[in-house]
Structures are given as structure tokens and as C-alpha cells.
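Trainee: I would like to learn how to read a structure one feature at a time. Can we work through an example together?

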Amino acid sequence: MMHNIFIACDLCDENINLRIQMGYFDIPFNIHCPSCETSITGTVLLDNDSGMNIFEDKSILRLYNAHEVNTDDTINNIYSVELSAEFPTKKLNKRDMNIPDLTAFMRNTSNRDSTYDAMKFIACHREYFNEIHTYFNLFFNNKNELLQTKLNKTLIRLPKITSFKEVNNRLESYMLLHQLLMTLAGTSYALEDNLLVSYSELGKKIGLNEKHEKIIEYLPIIKPRFDSIEKKVLELIGDFGNIYTQLIPVVVLRNSNGFQDLNKNEFGLMTVYASLKRGHFS
């Protein structure tokens with residue numbers, strides 16, 4: 001479903017059509033007025049059912065340097081820009097509103113499965129990551145008894161996520177934490193398949209290594225480094241989850257090998273550009 005909103009630049013009153021692909025996530029955007037080149041920024045509020053406001057004639061826009069206007073939606077020759085959180089979008093262009101055009105969704109039906117997979121990460125991340133991160137902190141702080149109690153309750157609540165029936169020591173807790181991170185937190189949906197294979201193969205290599213005594217002897221030396229790395233990884237996953245909804249088109253294009261076929265003169269990734277301008281990826 002597309003929703004048309006018309007705005008006007010606060011400085012020169014140039015009219016612009018925002019052609020919004022309705023979806024599940026907020027859409028940050030950053031465009032320049034085609035007449036006076038003023039930066040116009042804003043967010044289309046769709047997350048958490050905010051998008052339902054359109055059916056109640058309420059605004060779904062947060063705007064800077066522009067304001068909403070009532071304009072005839074059959075107007076000829078108006079500047080128009082597409083906005084979507086899930087798909088590549090048409091860049092600012094002159095458009096005759098009387099001539100039908102494909103929606104961002106319809107142009108990307110061939111990437112439907114990749115889009116759904118990319119969206120699974122944020123659903124899993126929002127539901128489980130904070131819980132898993134809290135359990136990791138218990139592990140780092142050596143709160144082993146409390147951690148085991150919490151993990152065993154998790155196994156009762158979610159019995160099909162792992163072969164573990166119960167954890168009884170620190171090592172089993174550690175192993176289960178990593179399984180939870182790779183499954184419940186949705187990490188697998190955001191990583192390339194070969195990275196998960198490499199991760200599993202590395203674990204097998206360590207487990208089958210004949211020099212177990214040497215590895216155990218070396219563990220106290222490398223443990224602080226491992227803890228530091230894992231804490232940083234968890235921090236990065238948390239930060240990644242916070243900006244992920246603005247990266248969905250990138251993940252979709254990567255998973256579908258679509259970058260090479262994208263006409264970069266006509267189409268862009270609006271949410272990524274807006275976030276770069278606001279310094280979210282620094």
C-alpha cells in the first residue's frame with residue numbers, strides 16, 4: 001500500500017510529493033529541496049502501529065524545514081520521492097500524478113523471501129536480545145548459581161531451542177548462552193551463511209583438538225581477552241539492532257545478490273542515507 005503526502009519547503013514553498021510505502025518500521029529521510037536546496041529531514045512514523053493514524057486523518061510525519069500541505073493528488077509535473085524502510089526507492093524526480101507507477105513493494109516481489117528473512121532479525125532481537133545480554137552479564141560477573149537458575153527456567157519456557165535439558169555448571173551455561181545468541185537473538189538472519197559455518201567448524205576444531213591439556217593450560221592467559229572481545233561483540237550486536245531497521249534494504253540486496261542489478265542513478269536507499277547524514281553509523 002502506498003500513501004501520498006504532500007509537503008512544502010519552509011523557505012521557498014516548493015511542493016514535494018512523499019510517496020510512502022507503508023510497512024512495519026519508521027522511515028527516516030533526508031532530501032534537499034529541488035528549488036532552493038534546503039535540507040529537509042524527517043521521519044515517517046509507522047512502527048508500533050503509528051501508521052494506523054492515516055486512517056484517523058492524523059499525521060504520521062515528523063518534519064524539519066518543511067510542512068504538510070493539501071494538494072490535488074492529480075497534479076501534473078510535481079517533484080516526488082519514494083520512502084520505504086524495506087525496499088530500494090526512487091530518488092527525487094518530476095512526476096505526473098495521473099500516470100500510474102509501480103510501488104516499491106511491487107518492484108521487489110522477486111526479493112520477497114529475502115525481505116522476510118531480513119525482517120526476522122529485528123523481531124527476534126527485540127524479543128530476546130536484552131534477556132540474553134543480561135544472562136551474559138551474569139556470566140561475566142561470575143553469578144553462576146543465579147545464571148543457572150535463569151537458564152533452566154528458559155529451557156522450561158522454550159524446550160525446543162536446544163538439545164540441553166538442564167545446565168549444571170559454568171561450562172554448560174556458557175555453551176547454552178552461545179546457542180541462545182545464535183538462535184533466539186536472530187543473529188543467523190543478519191549474517192552470511194558461510195560465517196555461521198566457519199563459526200561451527202572452529203568450535204569443532206577446538207573440541208577435537210588432541211592438545212586439550214595445553215589449551216586448558218593457556219585458558220587463564222587468554223580468558224580476559226576473550227571476555228573483552230565477547231563484551232564488545234554483544235555491544236556491537238546491541239548497536240546493530242538499534243539501527244537495523246534502517247539497514248533492511250541493504251541486507252535484502254546482499255542476501256539476494258541484488259546490488260549489481262540496482263540502477264543506482266534511479267534508485268537509492270533512503271533510510272541508510274538519512275542515518276549517515278545524522279551520524280548514526282559513525
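This is a predicted model: local features need pLDDT of at least 70, side-chain atom pairs count only at pLDDT 80 or more; totals for chains, interfaces and linings use all residues.

Trainee: Which way do β1 and β6 run, parallel or antiparallel?

Mentor: Strand β1, residues 2–9, runs antiparallel to β6, and three bridges join the two. To find this pairing in the model, look at A8, whose bridge partner in β6 is H67.

Trainee: How many bridges join β2 to β7?

Mentor: There are five bridges between strand β2 (residues 15–21) and β7, and these two strands run parallel.

Trainee: In what sense do β7 and β9 pair?

Mentor: They pair in the antiparallel sense, over three bridges. I78 stands opposite R95 in β9.

Trainee: Is P28 buried or exposed?

Mentor: P28 has a relative accessible area of 8%, so P28 is buried. This residue lies in strand β3, which spans residues 27–32. P28 and L45 are 17 residues apart along the chain, and their C-alpha atoms are separated by 8.6 Å.

Trainee: Why does S173 count as buried?

Mentor: S173 counts as buried because its relative accessibility is 1%. S173 is found in helix α4, residues 170–183. Leaving aside residues up to four places away in sequence, S173 touches L147, Q148, L151 and V167.

Trainee: What describes two packed helices?

Mentor: The description uses the angle between their axes and the distance between the axes. In this model, helix α2 (residues 112–140) packs with helix α3 (residues 144–157) at an angle of about 150°, and their axes are 9 Å apart. That angle makes α2 roughly antiparallel to α3, since angles over 145 degrees count that way. The crossing of α2 and α3 is left-handed.

Trainee: Which residues in α2 and α3 meet?

Mentor: From α2 the residues are Y128, E131, Y135, L138 and F139, and from α3 they are L146, L147, K150, L151, T154 and R157. Sorted by type, the residues of this contact of α2 with α3 are seven nonpolar, one polar and three charged.

Trainee: At what angle do α2 and α8 pack?

Mentor: Helix α8 covers residues 248–255, and α2 and α8 pack at an angle of about 130°, with their axes 9 Å apart. The two helices are therefore oblique to each other. The crossing of α2 and α8 is right-handed.

Trainee: Which residues meet in this second pair, α2 and α8?

Mentor: S114, T115, A118 and M119 in α2 meet I248, V251, V252 and N255 in α8. The contact of α2 with α8 divides into five nonpolar residues, three polar and no charged.

Key. Residues are numbered from 1 along each chain as its sequence is written. Side-chain values use heavy atoms; hydrogens and water are left out. Axes are lines fitted to C-alpha atoms, for helices over the stretch in contact, and angles run from 0 to 180 degrees between N-to-C directions. Helices (H or I, at least four residues) and strands (E, at least two) are DSSP runs, numbered from the N terminus. Angles under 35 degrees count as roughly parallel, over 145 as roughly antiparallel, 65 to 115 as roughly perpendicular and the rest as oblique. A crossing is left-handed if the near helix is turned anticlockwise from the far one by less than a right angle, and right-handed if clockwise. Contact means heavy atoms within 4.5 Å. Ala, Val, Leu, Ile, Met, Phe, Trp, Tyr, Cys and Pro count as nonpolar, Asp, Glu, Lys and Arg as charged, and the others, Gly among them, as polar. Two strands pair if DSSP finds at least two bridges between them. Buried means under 20% relative accessible area, exposed over 50%, partly exposed in between (1.4 Å probe, protein chains only).
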